[in-house]
Amino acid sequence: MINSIPLYTLFKGLEQLDSVRLNFSPQGITLMNIIIAFIMFGVALGIKPSHFKDVFLNPRAVIVGLISQYVLLPAMTFGLVWILKPTPTVALGMILVAACPGGNISNFISSMAKANVALSVSLTAISTVVCLFMTPLNFAIWGGLYAKNSPLLVPLEIDPMQMFYTVVILLGIPVALGMFISSKFPNFTLKIIKYVKYASIFAFVGFIIGSFAANFTHFINYINLIFLIVLIHNASALFVGYMFPWALRLKQNDCRTISIETGIQNSGLGLALIFNPKIFPPELELGGMAFIAAWWGIWHVISGFIIATLWSKRRLRDIKLD
């Protein structure tokens, strides 16, 4: 008989992460936002107003996507926490990431994956607005069920202006500008769209490499402790995000979109909350939470590119409803 290794033994040493201090500067966040705005402009060059009209005339996919993101993902994460049994800081970091809205890079990944880009943009915008109350609520509910007496279980306060900035500056203006140029100057758009796409990829990959380099020593020393946790968490999110709409017989490109929106979270918001001294007191050791959010932010780009590449090579086959 083969002796199985208890799961918790795979994650011994996680408590070492709590004393780690990651390097993320305000200048780096600003650069990331500029890159994301440029990416959104490029994505919008391929979107037409009729795409959004189809989404809002048939809102079922939007509702299913929001349920997947704000109900199923946090619940699934809670189940993973009990199965994997990581340290409290890592567990609450997983719950915090699951409580965040979809990441803006998801729109770019959806365009690569031949998914429903208009649905992706709509879900990102709506989930970002809804996160004002859903992110604190999910963190309080699922974190409270896990460790209601933990000093890390603090009330989250999300700045409405930060959400306005995300929705309007990073999503609204670039998308509107891209759609305007595509509509008014179609020949010019055909000439630049390929180059904008390649520039978007190189710019974002460059930023990820730069962020990794700034914390290279920390990642080399500790990545072995959390790599498997984030891999399982992210893969489960992508799987649940696809199977839920598939079970409800949504179109395949909508299933792809909801999977991507569920698996690509705005972990940058999670990091901003973790590093906010008004929310988490400086004396708390939050390395485990920060490390989970930071590595998720890198890994979900890698997994997103992988799944988008695979899907881009497969022909869409929609379910025929009776």
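The model is predicted, so local features were required to have pLDDT of at least 70 and side-chain atom pairs counted only at pLDDT 80 or more, while totals for chains, interfaces and linings use all residues. Residues are numbered from 1 along each chain as its sequence is written, and side-chain values use heavy atoms, with hydrogens and water left out.

Two packed helices are described by the angle between their axes and the distance between the axes. Helix 4 (residues 88-99) packs on helix 12 (residues 287-312) at an angle of about 45°, and the axes lie 7 Å apart. Axes here are lines fitted to C-alpha atoms, for helices over the stretch in contact, with angles running from 0 to 180 degrees between N-to-C directions. Helices are DSSP runs of H or I with at least four residues, numbered from the N terminus. The angle makes helix 4 oblique to helix 12; angles under 35 degrees count as roughly parallel, over 145 as roughly antiparallel, 65 to 115 as roughly perpendicular, and the rest as oblique. The crossing of the two helices is right-handed, a term used if the near helix is turned clockwise from the far one by less than a right angle.

On the side of helix 4, the contact (heavy atoms within 4.5 Å) is made by Thr89, Val90, Leu92, Gly93, Met94, Leu96 and Val97, and helix 12 contributes Gly288, Met289, Ile292, Ala293 and Trp296. By class, nine of these residues are nonpolar, three are polar and none is charged. Ala, Val, Leu, Ile, Met, Phe, Trp, Tyr, Cys and Pro count as nonpolar, Asp, Glu, Lys and Arg as charged, and the others, Gly among them, as polar.

His233 belongs to helix 9. Its relative accessibility is 1%, and His233 therefore counts as buried (under 20% relative accessible area, with exposed over 50% and partly exposed in between, for a 1.4 Å probe and protein chains only). Leaving aside residues up to four places away in sequence, His233 touches Leu73, Met76, Thr77, Leu80, Met94, Ala98 and Trp296.

Lys114 is not a glycine, yet has a positive phi of about 60°. Lys114 lies in the loop between helix 5 (105-112) and helix 6 (117-147) and is partly exposed at 45% relative accessibility. Arg249, also not a glycine, has a positive phi of about 65°. The loop between helix 9 (216-247) and helix 10 (252-263) holds Arg249, which is partly exposed with a relative accessible area of 39%.

The structure contains zero disulfides, a disulfide being a pair of cysteine sulfur atoms within 2.5 Å. Cys100 is buried at 0% relative accessibility, and Cys255 is buried at 1%.
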